[in-house]
Amino acid sequence: MADGDLTLETCLPVAAAMLRGETMEAAEQTRQRDALLRGFAYLFVDEYQDIDAAKYELLSAIAGRAMEGDQRKLRVFAVGDDDQAIYAWDGASNDFIRSFEQDYHATRFVVPHSYRNPKAALDMAQRLVHPLPDRLKEGTWLTVDPARADEP
């Protein structure tokens with residue numbers, strides 16, 4: 001790869017391949033992964049709804065999702081909201097957030113309150129998205145944080 005080709009789009013697949021140890025023997029894969037991720041036990045991903053295929057592959061490689069056994073895998077905590085997905089134009093897909101539970105044997109937790117918006121704005125937004133099909137929060141109506149319930 002020439003220096004002029006160094007973009008995020010070209011580096012992500014290379015980084016994922018390095019973490020997976022492609023084209024290496026098992027012992028060298030282990031040494032390389034351990035050297036790259038030494039000291040890390042957790043992977044926190046925010047805005048998971050904005051993940052595209054290349055980022056998904058990199059995150060999977062960092063977490064060690066395809067590895068046998070759990071001793072060297074990282075624990076993954078992801079936060080995302082399919083109602084806030086805005087990067088489909090750039091390759092992001094809600095398919096990745098939808099498959100997270102199965103991919104990582106995770107438990108979904110829906111935060112029942114909005115800590116960001118006043119009631120009027122939250123209710124208006126929910127009226128817009130509530131009828132949309134295949135929402136992860138289908139059937140859930142969020143409420144305003146009780147501490148802000150009396151704000152206009």
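Modeller: In this predicted model, helices and strands are DSSP runs numbered from the N terminus.

Biologist: Why is Asp82 called buried?

Modeller: Buried means under 20% relative accessible area. Asp82 has 9% relative accessibility, and therefore counts as buried.

Biologist: What makes the pairing of Asp82 with Leu136 a polar contact?

Modeller: The cut-off for such a pair of N or O atoms is 3.5 Å. A polar atom of the Asp82 side chain lies 2.8 Å from the backbone nitrogen of Leu136, so the pair is within that limit. Leu136 is also among the residues that Asp82 touches beyond four places in sequence, including Gln49, Asn94 and Arg98.

Biologist: Why does Ser93 count as buried?

Modeller: Ser93, in the loop between E2 and H4, has 18% relative accessibility; the limit is under 20%, so Ser93 is buried.

Biologist: Which residues does Ser93 contact, leaving aside neighbours within four places in sequence?

Modeller: Ser93 is in contact with Gln49 and Ile51. Ser93 and Gln49 are 44 residues apart in sequence, with their C-alpha atoms 6.9 Å apart in space. The Ser93 side chain also reaches the backbone nitrogen of Asp95 at 3.0 Å.

Notes: Residues numbered from 1 in each chain as written. Predicted model: local features only at pLDDT ≥ 70, side-chain atom pairs only at ≥ 80, totals over all residues. Heavy atoms only, no water. Buried < 20%, exposed > 50% of the residue type's maximum accessible area, 1.4 Å probe, protein only. Polar contact = N/O pair within 3.5 Å; in protein donor to acceptor, adjacent residues only side chain to side chain. Contact = heavy atoms within 4.5 Å. Helix = DSSP H or I, 4+ residues; strand = E, 2+ residues; numbered from the N terminus.
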